[in-house]
Amino acid sequence: MRWPHVRLDLFGDINEMDNRVMDALNELSFEAVRRYAWNHTINSDFRAGDTGQHGAGMAIDFVFFEKKPGDVPVIDQFIFTVGYGRFRRVGLYPHWKNPGLHGDVKDETLYWWRDKAGKYHYGQTPAEILTWK
Ligand SMILES: [Zn+2]
């Protein structure tokens, strides 16, 4: 199996996913377990009809956790994920029921977070995102 560290059982249709995003998640998930004993769950993968990266199978929404989703601060998830550098674009979602991240492999570097009202705030560096209020 190509992605032994990914919760493949949580995907709708793995065949719709781009290999690059799966490779990235596989390596990230391996490191999450090795360094912090973090598990992961998948919030959203391929979305048919989506005009963005999810519709191309190039994006994944995920949550790292220890015992249950929500128990690892989203800022810690973000710092770990951007530090590992496998996703070109990373979004931070502090207002999901279980706060987590979006990662994709679109050919540009971009970071963002979504506030409680659903507004997106973008930055060219992770540091810009970490100054969110
Ligand atoms: Zn997403």
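User: Where is Asn43 found?
Analyst: This is a predicted model, and in it Asn43 sits in strand β1.

User: Is Asn43 buried, exposed or partly exposed?
Analyst: Asn43 counts as partly exposed, because it has 17 C-beta neighbours inside 10 Å. The cut-off for buried is 20 or more, and for exposed 12 or fewer.

User: What is Asn43 in contact with, leaving aside neighbours within four places in sequence?
Analyst: The contacts of Asn43 are Asp61, Phe62, Val63, Trp96 and Gly100.

User: And how many Å apart are Asn43 and Ile129 in space?
Analyst: They are 21 Å apart, C-alpha to C-alpha, with a separation of 86 residues in sequence.

User: OK, on to the sheet. What order do the six strands have?
Analyst: The order is β1-β2-β4-β3-β5-β6. The sheet is open and its pairing is mixed.

User: Which strands stand at the edges?
Analyst: β1 and β6 (120-123) do. Each has a single partner strand, so one side of each has no neighbour in the sheet. From one strand to the next, the twist averages 25°.

User: How many bridges join β1 to β2?
Analyst: Five, and the two strands run antiparallel.

User: What is the bridge partner of Phe62 in β4?
Analyst: That partner is Leu101. β2 and β4 also run antiparallel, joined by four bridges.

User: How many residues of β2 are buried?
Analyst: Five of the seven, which leaves β2 mostly covered.

User: And at the other end, how do β5 and β6 pair?
Analyst: They pair in the antiparallel sense over four bridges. Tyr111 stands opposite Gly123 in β6.

User: Now the helices. What does α1 lie across?
Analyst: α1 lies across β1, β2 and β4, and runs at about 10° to β2. This helix has 18 residues and reaches 25 Å from its first C-alpha to its last.

User: Which residues in α1 are buried?
Analyst: Val21, Met22, Ala24, Leu25, Leu28, Ser29 and Ala32 are buried. Seen down the axis of α1, the buried residues fall within an arc of 155°, so they line one face of the helix.

User: What covers them?
Analyst: The cover for the buried residues of α1 includes β1 (39-44), β2, α2 and β4 (100-104).

User: Which exposed residues are on the face of α1 turned away from its buried side?
Analyst: Asn19, Arg34 and Arg35.

User: What comes just after α1?
Analyst: Ala37 does, with a positive phi of about 60°. Ala37 is in the loop between α1 and β1. Most residues other than glycine have a negative phi. Ala37 has a positive one and is not a glycine.

User: Buried or exposed, that Ala37?
Analyst: Ala37 counts as exposed, because it has 9 C-beta neighbours inside 10 Å.

User: What does α2 lie across?
Analyst: It lies across β2, β3, β4 and β5, at about 25° to β4. After α2 comes Gly85, with a positive phi near 70°.

User: Last topic, the largest nonpolar core. How many residues does it have?
Analyst: It has 29. Those with the most contacts inside the core are Val21, Ala24, Leu25, Phe78, Val90, Leu92 and Leu101.

User: Which elements each supply at least two residues of this core?
Analyst: α1 (19-36), β2 (59-65), α2 (74-84), β3 (89-93) and β5 (110-114) do. The largest share is that of α1, with six residues.

User: And what does Phe78 touch, not counting residues up to four places away in sequence?
Analyst: Phe78 touches Val90, Leu92, Leu101 and Ile129. In soluble globular proteins, nonpolar side chains tend to be buried together.

Notes. Residues numbered from 1 in each chain as written. Predicted model: local features only at pLDDT ≥ 70, side-chain atom pairs only at ≥ 80, totals over all residues. Core = buried A, V, L, I, M, F, W, Y, C linked by C-beta atoms within 7 Å. Contact = placed C-beta atoms within 7 Å. Expected span 1.5 Å × (residues − 1). Arc of directions from axis to C-beta. Pairing = 2+ DSSP bridges. Axes fitted to C-alpha atoms, helices over the stretch in contact; angles between N-to-C directions.
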